[in-house]
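Here is a friendly walk through a two-part question: how is each chain put together, and where do the chains meet? Please keep the structure open beside you as you read.

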Amino acid sequence: MDKLIAGKTISVTEEGFMTEFSQWDKSIADAMAAENDVTLTPRHWEVIDYIQNEYKNDVPLSIRKIGKSGVVDIKEFYQLFPVAPLKTATKIAGIPKPVSCI
Amino acid sequence: MEDSGKINKMMIILSKATLENVYACFVLANGARMEGIEAEIFFTFFGLEAIHNKKLDHLHIATVGNPAMHMPTLLGGLPGMEALATSMMKKEMERIDMPDVREFLEILTASGVKLWACKLAMDMFHYKEEDMFEDLDGVLTVGDFYKQGSGVGTHMLFI
């Protein structure tokens with residue numbers, strides 16, 4: 001379905017995950033973050049860059065992998081994105097919902 | 001808060017320390033946090049072994065009394081059989097990116113899951129708090145645990 005955000009129309013799933021990464025830009029990320037009660041700081045951007053890179057390299061994301069990334073530990077990841085961190089971070093990053101259970 | 005039917009908190013009671021039960025408990029608790037749901041675990045009876053520092057790295061799966069293993073009971077009871085089945089299962093777990101018990105406990109506490117030991121069972125097994133996993137949140141009575149679970153949208157699960 002279509003969604004109007006930051007003055008642009010993007011396609012998203014019912015849960016709000018973007019389906020076309022090419023439509024993503026930083027203003028959309030900021031607006032998505034605001035919808036999820038998150039204000040993006042440079043630390044958030046380091047995490048978003050990391051998960052976008054993992055996605056581009058076809059690496060499945062999990063909480064455990066984030067913890068071993070060297071970018072952020074699990075505790076800080078939950079501080080940066082307090083509610084459902086992996087889902088919220090991937091949503092803001094414009095990539096599909098992770099399917100991991102761990 | 002109004003009851004919208006939404007799950008806000010999972011209170012999971014772990015009473016067994018066979019590997020398959022411990023993992024079920026940990027995956028459910030971690031999965032709750034991943035969805036923005038609070039989670040607390042109450043370790044009671046043999047479940048305490050999953051947070052006992054000297055035991056938690058050596059938990060086994062049950063080869064006896066477990067029909068889903070499809071192994072005759074007599075065979076499952078042979079010396080070394082549990083260890084063999086456990087090492088096979090551990091290999092599969094590593095393949096699907098499942099952490100070992102200690103690392104999983106660290107992930108749970110970093111994710112904000114509260115870990116409680118049951119006072120009665122601690123007394124029964126003569127365990128002391130210093131014998132247990134260092135990030136344990138405390139030792140509780142059943143009454144304390146119920147109090148922890150108060151609020152709208154709390155669900156309790158016994159494993």
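This is a predicted model: local features need pLDDT of at least 70, side-chain atom pairs count only at pLDDT 80 or more; totals for chains, interfaces and linings use all residues.

## Ground rules

Helices (H or I, at least four residues) and strands (E, at least two) are DSSP runs, numbered from the N terminus.

Residues are numbered from 1 along each chain as its sequence is written, while chains are lettered from A and ligands numbered from 1 in the order in which they are written.

## Confidence in chain A

The predictor's confidence in each residue is its pLDDT, on a scale from 0 to 100. Chain A has a mean pLDDT of 93, with 100% of its residues at 70 or more. Within chain A, the lowest confidence falls in strand 1 (residues 2-5), with a mean of 89, and the highest in helix 4 (residues 74-80), at 96.

## The hairpin of chain A

Two strands count as paired if DSSP finds at least two bridges between them. Strand 1 of chain A runs antiparallel to strand 2 (residues 8-11) of chain A, and 4 bridges join them. One of the pairs to look for is D2(A) with S11(A) in strand 2 of chain A. These two strands form a hairpin with 2 residues between them, and A6(A) in the turn has a positive phi of about 50°.

## Loops of chain A

Most residues other than glycine have a negative phi, and most peptide bonds are trans. D37(A) is not a glycine, yet has a positive phi of about 60°; its place is the loop between helix 1 (26-35) and helix 2 (42-56) of chain A. A84(A), also not a glycine, has a positive phi of about 45°.

How enclosed are these loop residues? A residue is buried if 20 or more other C-beta atoms lie within 10 Å of its own, exposed if 12 or fewer, and partly exposed in between, with C-beta atoms placed from the backbone. D37(A) has 10 other C-beta atoms within 10 Å, so D37(A) is exposed. A84(A) has 18 C-beta neighbours inside 10 Å and therefore counts as partly exposed.

V71(A) sits in the loop between helix 3 and helix 4 of chain A and is partly exposed, because 17 other C-beta atoms lie within 10 Å. Contact here means that the C-beta atoms of two residues, placed from the backbone, lie within 7 Å. Leaving aside residues up to four places away in sequence, V71(A) touches E46(A), V47(A) and Y50(A).

## The sheet of chain B

In chain B, 5 strands form an open sheet with parallel pairing, in the order 4-3-2-1-5. Its edge strands are strand 4 (138-140) and strand 5 (154-158) of chain B, each pairing on one side only. Neighbouring strands are turned by 25° against each other on average, direction ignored; axes are lines fitted to C-alpha atoms, for helices over the stretch in contact, and angles run from 0 to 180 degrees between N-to-C directions.

Strand 1 and strand 5 of chain B are joined by 5 bridges, and K9(B) stands opposite T154(B) in strand 5. Between strand 2 and strand 3 of chain B there are 4 bridges, with F42(B) opposite W116(B) in strand 3. Strand 3 and strand 4 of chain B pair over 3 bridges, and A117(B) has V139(B) as its bridge partner in strand 4. Strand 3 (residues 114-118) of chain B is largely enclosed by the rest of the structure, because 4 of its 5 residues are buried.

## Helix 1 of chain B and the meeting of the chains

Helix 1 (residues 19-34) of chain B has 16 residues and reaches 22 Å from its first C-alpha to its last, close to the 22 Å expected at 1.5 Å a residue (1.5 Å times one less than the number of residues). Its buried residues include L19(B), V22(B), F26(B) and M34(B). Among the elements that cover the buried residues of this helix are helix 3 (63-67) and helix 5 (85-93) of chain A, along with strand 1 (9-14) and strand 2 (38-43) of chain B. Just after the helix, G36(B) takes a positive phi of about 85°.

Across the interface, 13 residues of chain B are in contact with 13 residues of chain A. On the chain B side, helix 1 gives the largest share, 4 residues. By class, that side has 6 nonpolar, 5 polar and 2 charged residues; Ala, Val, Leu, Ile, Met, Phe, Trp, Tyr, Cys and Pro count as nonpolar, Asp, Glu, Lys and Arg as charged, and the others, Gly among them, as polar.
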